[in-house]
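Me: I have a model open and some labels to check. Take me through what each label rests on, please.
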Amino acid sequence: MSIYLDYNSTTPVDPRVLAAMLPYLAENFGNANSIHSSGQRARAAVDAARQAVAELLGAKAAEIVFTCGGTEADNLAIFGIVNPCDQPRKHVVTTAIEHHAVLNTAQALEKQGVDVTYVPVSREGIVDPEDLREAIRPETVLLSVMLANNEIGTIQPIEEIGRIAAEEDVYFHCDAVQAAGKMAIDVRKLGVDLLSISGHKLYAPKGVGALFVKAGTELGPMFFGGHHERDRRPGTENVPGIVGLGKAAQLAMENLDADAARLAALRDRFENALLTLPGVRVNGSVRGRAPNTSNLSFEAAGGEALVIALDLQGVMCSSGAACSSGAVEPSHVLTAIGLTPDQARSSLRFSLGRPTTEQEIDEAIRIIPPVVERLRALSPLNVGASAVR
Ligand SMILES: *Cc1c(COP(=O)(O)O)cnc(C)c1O
């Protein structure tokens with residue numbers, strides 16, 4: 001039996017999404033920019049998908065720009081606002097726990113002479129909106145804060161931050177890649193100007209995403225080419241991928257409350273069972289969290305080794321962020337909430353998804369404790385094994 005508990009890394013394509021996409025890989029292969037009927041069929045499908053994504057976010061269809069994923073959406077939002085050479089304001093405020101798609105974009109801007117402030121977060125993994133306000137200066141142009149964190153699931157007070165951004169007259173970008181489909185999103189209520197989502201975190205395929213760009217927002221292009229996506233993102237549209245994202249958005253909306261309640265109950269049952277083991281702690285806020293995510297530190301058991309040992313027993317999870325798997329660096333998120341490098345390295349992220357069953361959770365609860373115990377007995381980190389017990 002194989003138990004996948006890594007849905008924050010990526011999700012499978014929902015069978016209903018696949019079924020919606022297939023015709024656009026085969027008979028409806030047209031280019032959405034062609035005038036003939038084949039092109040018009042593709043255009044109609046792209047328009048319908050744009051409408052579905054807009055509805056998921058509480059936006060207007062014309063405010064949705066399709067991209068090749070979450071990373072491109074984040075890059076387009078940040079570069080698109082900061083880079084235009086007629087943009088005189090050259091300071092960006094973000095947080096220490098953003099995804100690398102935001103953090104490394106900010107670092108690239110720094111190399112170009114843009115100032116970036118990385119605001120720290122609490123031990124719970126939540127940023128204080130007043131700290132963001134204090135970081136804003138006259139030359140600040142953009143605030144970028146994520147909605148749900150990909151590693152620990154904590155949810156940031158975006159609505160409050162949106163009010164601050166409006167008061168201080170700075171653009172506000174939100175990376176909502178991990179939040180879409182897990183909680184309701186309303187761009188007006190949140191007060192964001194730009195918001196990113198990604199298909200493959202939402203049961204659509206990899207390689208498609210979207211950026212909400214509030215009407216009237218002046219966004220410079222990142223790429224140059226044809227006049228696609230209202231001149232905001234050139235390149236022949238990925239029609240099957242976009243159709244898949246549209247279907248996934250529709251399904252997310254239909255299933256939102258039921259999915260969230262079911263996953264939160266399973267996640268809590270999983271977490272409570274593991275918390276009965278000695279030396280196990282929850283990383284990040286327990287209350288303000290995405291319903292599917294559990295990040296646990298297992299004192300004195302190496303995370304990478306645990307991931308491998310659990311995989312051999314059929315349980316798939318990740319240590320820190322998947323992007324840093326294979327690297328020795330401890331997770332920047334876990335160190336930002338105050339874990340020591342060793343504690344961060346001994347942490348695992350379990351993330352549940354739509355296909356997760358109660359049986360899988362019970363099986364995982366049975367499999368994990370003896371593996372942890374065995375690795376603790378072997379671990380060089382295990383100086384205090386008896387203290388743990
Ligand atoms: C996965 C992820 C991204 C990147 O999205 P891709 O579609 O994989 O490029 C950005 N931000 C967050 C929070 C993510 O979890």
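Me: How do you know that strand E7 and E8 pair, and in which sense?
Reply: This is a predicted model, where local features need pLDDT of at least 70, side-chain atom pairs count only at pLDDT 80 or more, and totals for chains, interfaces and linings use all residues. Residues are numbered from 1 along each chain as its sequence is written, and side-chain values use heavy atoms, with hydrogens and water left out. Strands (E, at least two residues) and helices (H or I, at least four) are DSSP runs, numbered from the N terminus. Two strands pair if DSSP finds at least two bridges between them. Strand E7 (residues 194–198) and E8 have five bridges, in the antiparallel sense. Ser196, for one, has Leu211 of E8 as its bridge partner.

Me: What makes E8 a largely enclosed strand?
Reply: Buried means under 20% relative accessible area; exposed is over 50%, and partly exposed lies in between (1.4 Å probe, protein chains only). Five of the five residues of E8 (residues 209–213) are buried, so the rest of the structure largely encloses this strand. Gly209, Leu211 and Val213 point one way, Ala210 and Phe212 the other.

Me: Which strand order does the sheet of seven strands have, and why do E2 and E4 count as edges?
Reply: The order is E2-E8-E7-E6-E5-E3-E4, in an open sheet with mixed pairing. E2 and strand E4 (115–119) each have a single partner strand, so one side of each lacks a neighbour in the sheet. E2 (residues 64–67) pairs with E8 over four bridges, antiparallel. Among them, Phe66 is partnered by Ala210 and Thr67 by Gly209.

Me: What makes H2 a helix that packs on this sheet?
Reply: Contact means heavy atoms within 4.5 Å. Helix H2 (residues 37–57) touches E2, E7 and E8.

Me: Why do E9 and E12 stand at the edges of the sheet of three strands?
Reply: That open sheet runs E9-E10-E12, with antiparallel pairing. E9 pairs with strand E10 (residues 293–298) over three bridges. Val280 has Phe298 of E10 as its bridge partner.

Me: How do you know that the length of H13 agrees with its residue count?
Reply: The expected span is 1.5 Å times one less than the number of residues. Helix H13 (residues 358–378) has 21 residues, so it should span 30 Å; its end C-alpha atoms are 31 Å apart, which agrees. Its buried residues include Ile361, Ala364, Ile368 and Leu375.

Definitions and conventions. Axes fitted to C-alpha atoms, helices over the stretch in contact; angles between N-to-C directions.
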